[in-house]
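Trainee: I would like to go through this model with you one point at a time. Please show it first.

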Amino acid sequence: MNRPLKVIIIGAGLSGLALAQGLEKGQNGIDYVVVDKESEPRDRNWGVTIAWSHPLLAQLLPEELYNRLPECQPDPGLDTKEAGFESVIIRDGQTGETIVQPPFPGVRRLNIQKTRAVWSEGVNVKFGKTLTDIELTADGVIAHFHDGTSESGSVLVGCDGGGSWVRRWMLDDKGTSVVLPYTFLNFPFRYTAERAVKMDKMMHPIVDVAVHPKSMYVGIFVLDKPDLQRPETWVFYILATWAEDDNKSASPDAASGGDKNMVDELRRRMDDWADPFKSAVEWISEDVHAKAVPLRIWGPPDSGWDNRGGRVTLAGDAAHSMTFHRGQGANNAICDSQKFVTAMVKVKNSTMTLAKAIDEYDADVISRGRTEVEISKAQTDAFHDHANFHNSPIMRLGIKPTSTSAASK
Ligand SMILES: Cc1cc2nc3c(=O)[nH]c(=O)nc-3n(C[C@H](O)[C@H](O)[C@H](O)COP(=O)(O)OP(=O)(O)OC[C@H]3O[C@@H](n4cnc5c(N)ncnc54)[C@H](O)[C@@H]3O)c2cc1C
């Protein structure tokens with residue numbers, strides 16, 4: 001029963017990597033392994049807004065990696081403070097006027113693929129292994145992978161994303177995510193150099209999104225500026241959602257998209273929109289294609305989950321899979337990682353048993369996660385209800401955390 005503490009981390013996304021960095025950091029020196037099913041980077045990419053989780057991230061990453069966060073930004077040259085953009089902007093899509101511009105000191109965007117590449121440095125990650133079984137033993141847990149290999153440890157933490165296999169292993173059907181009734185597009189593209197420069201000037205560089213009376217949300221973002229001097233290389237992306245009922249009545253084929261190019265469907269819906277969104281869509285070249293993807297959420301049930309005596313738990317989207325409309329998923333994932341590392345330090349220092357430390361960790365993640373998933377859903381609904389948008393969570397809270405535990409150490 002007295003095996004040395006070892007953590008098995010399933011998933012090398014933002015939560016798994018931040019957690020590994022924290023276990024590795026300085027005096028912590030806690031044994032772990034990260035295992036991920038991917039052997040090469042995913043084709044899907046987007047940006048996340050990092051706001052209140054900055055101080056938590058500073059505790060997890062070694063100073064050298066923390067100082068390299070600008071490298072992970074879509075625009076490595078952007079200092080939001082210097083540029084006067086320490087905020088996000090939400091507009092009325094029909095008029096282009098600002099509805100609200102919640103300020104946040106130090107706010108930054110991170111491109112998730114660039115971030116994963118940087119945060120993988122200096123940690124023990126094994127790629128190309130899919131978790132297929134979890135075996136509980138008297139003194140810990142064994143993770144089995146598709147290639148016949150396994151890893152044993154004291155505790156396994158599922159950082160395996162919104163469709164988490166670990167979550168479904170723990171909770172069966174209760175662990176399955178729910179698809180919300182919205183059509184969701186997320187697709188990247190480049191403009192001509194001239195248009196890229198114009199769009200870059202027209203839009204807010206962090207978050208520029210709008211609610212439209214047509215029960216529709218559109219956001220234009222920068223994903224990457226690989227060469228600051230050559231605007232034709234800059235990659236932008238659009239996030240768009242609209243209510244599915246409306247979509248079905250307009251075009252039966254459009255909700256799932258089928259083989260249809262959903263950029264055409266978006267173009268069709270952009271009449272009566274103001275800039276920057278109108279031009280953002282109009283200027284996309286005809287050869288850009290996109291499919292709709294399901295907009296899924298999952299929040300922990302009231303009863304939480306059984307952590308099998310502190311041997312299995314969850315973090316990040318696996319623990320609370322929220323919509324992106326208030327930009328909180330990655331911030332909460334980093335918060336989970338920081339809290340998990342703090343719990344493991346207590347176990348290492350023998351000030352708490354593993355079972356107790358995981359119980360405490362779970363209590364916070366479950367309650368914070370459940371609340372935040374509900375709020376994210378309310379924010380999604382509000383982005384499709386122009387008349388009542390002023391009552392939405394983002395108007396009350398901006399991009400601040402809802403739970404006091406998120407700010408505490
Ligand atoms: C379009 C969009 C915009 C967003 N905007 C924001 C924002 O502005 N602000 C914000 O805070 N958040 C935002 N989010 C949310 C944020 O991206 C996520 O919360 C965060 O990236 C979750 O990280 P994760 O590590 O928990 O999961 P993931 O990044 O999904 O990582 C899971 C990892 O687990 C691996 N894996 C899965 N199954 C297995 C298995 N069986 N075996 C081994 N490995 C496995 C996967 O390969 C993957 O690498 C946004 C999300 C989307 C989709």
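Trainee: How many residues of domain 1 are in contact with domain 2?

Mentor: This is a predicted model, and its chain is assigned domain 1 (6-73 + 110-177 + 297-378) and domain 2 (181-282). Domain 2 brings 9 residues to the contact. On the domain 1 side, the number is 7.

Trainee: How many charged residues are on the side of domain 1 that touches domain 2?

Mentor: That side of domain 1 holds 5 polar residues and 2 nonpolar ones. The count of charged residues there is none.

Trainee: Which helix gives the largest share of the shell around the ligand?

Mentor: The shell has 33 residues, and Gly11, Gly13, Gly161, Gly316 and Gly329 are the closest. At least two residues each come from helix 1 (14-24), strand 2 (31-36), strand 3 (47-50) and helix 12 (329-348). The largest share is 4 residues, and it belongs to helix 12.

Trainee: How many residues of the shell around the ligand are charged?

Mentor: By class, 15 residues of the shell are nonpolar and 13 are polar. The charged residues of the shell number 5.

Trainee: Is aspartate 172 buried or exposed?

Mentor: Aspartate 172 is in the loop between helix 7 (165-171) and strand 12 (178-179). Its phi is positive, near 50°, though the residue is not glycine. The cut-off for this class is 12 or fewer other C-beta atoms within 10 Å. Because aspartate 172 has 9 of them within 10 Å, it is exposed.

Trainee: Why does serine 350 count as exposed?

Mentor: Serine 350 sits in the loop between helix 12 and helix 13 (354-382). Serine 350 also has a positive phi, about 60°, without being a glycine. It counts as exposed because its C-beta neighbours inside 10 Å number 7.

Methods: Residues are numbered from 1 along each chain as its sequence is written. This is a predicted model: local features need pLDDT of at least 70, side-chain atom pairs count only at pLDDT 80 or more; totals for chains, interfaces and linings use all residues. A residue is near a molecule or strand if its C-beta atom, placed from the backbone, lies within 6 Å of it. Ala, Val, Leu, Ile, Met, Phe, Trp, Tyr, Cys and Pro count as nonpolar, Asp, Glu, Lys and Arg as charged, and the others, Gly among them, as polar. Domain bounds come from an automatic or database domain assignment. Two residues are in contact if their C-beta atoms, placed from the backbone, lie within 7 Å. A residue is buried if 20 or more other C-beta atoms lie within 10 Å of its own, exposed if 12 or fewer, and partly exposed in between; C-beta atoms are placed from the backbone.
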